[in-house]
Amino acid sequence: MKTGGLSRANDRTLRAYPVRLVHLGLGSFFRAHQAWYTGRALDASQWGYAAFAGRGGSLAGDLAAQDGLYTLVTRASDEDRFELVTSLSRTHPADDHAAWLQHFRSPALSAVTLTITEAGYFSRPLGGLAADRPEIRADLEALRRDRTARVRTAPARLVAGFAARHQADAGPIALVPCDNMAGNGVIAERVVTDLAELLDPRLAEWITASVGVVTTVVDRITPRPAPGDADAVRSGTGWLDRYPVVTEPFSEWVFAGEFPAGRPSWESAGATITTDVTPYEQRKLWLLNGAHSLLAYAGSMRGHRTVAEAVGDGVCRGWLEEWWAQAAPHLGQDPAEVQAYRSALLERFANPRIHHQLGQIAADGSQKLPIRILPVLRAERTAGRMPEGAIRVLAAWICCLRGLGAATVDVRAAQLSAQAAGALPMAARRILGELDAALGDDADLVAAVAQTCAQLASAAAS
């Protein structure tokens, strides 16, 4: 292992576990989170993962060359801890649709987990499948011609998998979305059943009866891979690992729902089982993810590149505290617990050895802001207040759409950038209207967002 690279052949104790889980969205977060929890469970030897890339790229093949083995580097502010993760039994590229269907036909398969980002669900703002999207239409037509046809979107891949499982009479299964969305289980269930209904109402009935849907909250800051990660592993362990993952010490996984075919004992690895994830969900989405969005847009306008840089800036730190002070009361949780959570977030954000890029966080604001910022904004406006913290996040996002700060990477980038152009009052009204028509009609809010846009832009130019 130390001379020829990571390989199960070099150590018989590293045999591949039987595949009983499938994951869509092979990437760093999955490997730092779901795969890590599975590998640490007391019954880990019974639960192997087959992981599929969500898009193209060579990672699946590269990891296959290491027999699915990789190193998780847990990076604290003062030291690194190295851990070999062994739960990946198979890795597949996105276009290996035959393997995807074959796994779903197996009665041994118990659950499919997802990390496909908010945009990957093709969900409409008010819920349900965006069936008019050309990608969805193309996949639907392909499935109508041939249930085994290769499809590209996540909803279609899931429907194809469930169709194959139904045809094989392979039994029930759980659907476990692990993306940062409020009610991710409901969202995933709705887009899948909507697409199945369009394809075959009988398949939709089977999905409703046989697929247990699980809602989750996930948390672990996991930056994109950096050039020096493999060198750190080689220096710290002697292992030749070309594809390690670096993450922070903190990790959280909370879930509620049914697993009709069983699951690993994730709770033995630290996961939390509950009947209602809502309190955990709102705390994480508003306080952590909302803060990340604030730093990504407003912090990048001040020239910062990482979360640690931005939170070390007194101005950004003040903006964070203001946002948290406005969001926290709407959680309805014990103030002492919320304050402890906020203090822990500051410590996590300030870790100088976790290079969490603001540009990475800034992507897909049109999908993220409605669940991270708008619930607090609406509650504050209902109470007759003008919440500067929430307004600042939206104003900074509009500034970025206008070419300041973090680059715009969004599924609706061209449309939003066009809407954000021109005079600020009209731009603010159009963008707010894109998020929620009622916000665009709130004249006082539009004026406040436009004014904050102008202030941020002036400060960035000075």
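Trainee: Which residues touch the most other members of the largest nonpolar core?
Mentor: The model is predicted. Its largest nonpolar core holds 116 residues. A second, separate core has 29 residues, Trp47 and Cys178 among them. In the largest core, the residues that touch the most other members are Phe162 and Phe349.

Trainee: Is α12 roughly parallel or antiparallel to α13?
Mentor: Helix α12 spans residues 314-327 and helix α13 residues 335-349. Their axes lie 12 Å apart, at an angle of about 150°. An angle over 145 degrees counts as roughly antiparallel. Therefore α12 and α13 are roughly antiparallel.

Trainee: Which residues of α13 does α12 meet?
Mentor: The crossing of these two helices is right-handed. From α12 come Arg317, Leu320, Glu321, Trp324 and Ala325. By class, the α12 contact with α13 has six nonpolar, no polar and three charged residues. On the α13 side, the partners are Arg342, Leu345, Leu346 and Phe349.

Trainee: How many nonpolar residues has the contact of α10 with α13?
Mentor: Helix α10, residues 278-301, packs on α13 at about 35°, with the axes 11 Å apart. This crossing is right-handed. The contact includes Leu287, Leu288 and His292 of α10 and Val338, Tyr341 and Phe349 of α13. By class, one residue is polar, four are charged, and the nonpolar ones number eight.

Methods:
Residues numbered from 1 in each chain as written. Predicted model: local features only at pLDDT ≥ 70, side-chain atom pairs only at ≥ 80, totals over all residues. Heavy atoms only, no water. Axes fitted to C-alpha atoms, helices over the stretch in contact; angles between N-to-C directions. Helix = DSSP H or I, 4+ residues; strand = E, 2+ residues; numbered from the N terminus. Parallel < 35°, antiparallel > 145°, perpendicular 65-115°, else oblique. Left-handed = near helix turned anticlockwise from the far one by under 90°. Contact = heavy atoms within 4.5 Å. Nonpolar A, V, L, I, M, F, W, Y, C, P; charged D, E, K, R; others polar. Core = buried A, V, L, I, M, F, W, Y, C linked by side-chain atoms within 4.5 Å. Buried < 20%, exposed > 50% of the residue type's maximum accessible area, 1.4 Å probe, protein only.
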